[in-house]
Amino acid sequence: GWVNSTNPEQTRKALETWLPREHWAEINPMLVGLGQTICKARKPLCSKCNVKDLCPYALATVNVATALSSPKRKRRDPEQ
């Protein structure tokens, strides 16, 4: 979601590029817990995530899912 990586070390390095250093220690346990329970690699539970409104993956997934599930609008018949 937040970064495109294939292992924890790549994820850590990618997050460190934009997350201010003073927040690393406090945010690490939160992100690890989030990744183990909600933001799973194989099947993320975006609908249950408290930060889905900030997550690029969740925003893209929700937008696609919403577009696919929304009812089709009926075209108005110009003859009526």
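Hi everyone, let me begin with a definition: on a 1 Å grid over the protein atoms alone, a cavity is a set of points where a 1.4 Å probe fits but cannot get out, while a pocket is an open set with protein on both sides within 12 Å along at least five of seven lines, and lining residues have an atom within 4 Å of a point. Grid points are joined across faces, edges and corners, and a volume is the space filled by probe spheres set on the points.

A word on the source: this is a predicted model, where local features need pLDDT of at least 70, side-chain atom pairs count only at pLDDT 80 or more, and totals for chains, interfaces and linings use all residues. Residues are numbered from 1 along each chain as its sequence is written, and side-chain values use heavy atoms, with hydrogens and water left out.

So, how many cavities of 30 Å³ or more are there? The count is 1. The largest cavity holds about 90 Å³ of space. Its lining has 13 residues, and Cys39, Cys46, Cys49, Cys55 and Ala58 lie nearest the centre. By class, that lining has 12 nonpolar, no polar and 1 charged residues; here Ala, Val, Leu, Ile, Met, Phe, Trp, Tyr, Cys and Pro count as nonpolar, Asp, Glu, Lys and Arg as charged, and the others, Gly among them, as polar.

Now the largest pocket, with a volume of about 910 Å³. It is lined by 27 residues, with Val3, Ser5, Thr11, Leu15 and Leu31 nearest its centre. Those lining residues divide into 14 nonpolar, 9 polar and 4 charged. Which helix gives the largest share of the lining? That is α2, with 8 residues; helices are DSSP runs of H or I, at least four residues, numbered from the N terminus.

Next, salt bridges, meaning a side-chain nitrogen of Lys or Arg within 4 Å of a carboxyl oxygen of Asp or Glu. There are 2, and they link Glu9, Arg12 and Glu16 in a network. Glu9 and Arg12 have their closest N and O atoms 2.2 Å apart, and for Arg12 and Glu16 the distance is 2.8 Å.

Conventions: Helices (H or I, at least four residues) and strands (E, at least two) are DSSP runs, numbered from the N terminus.
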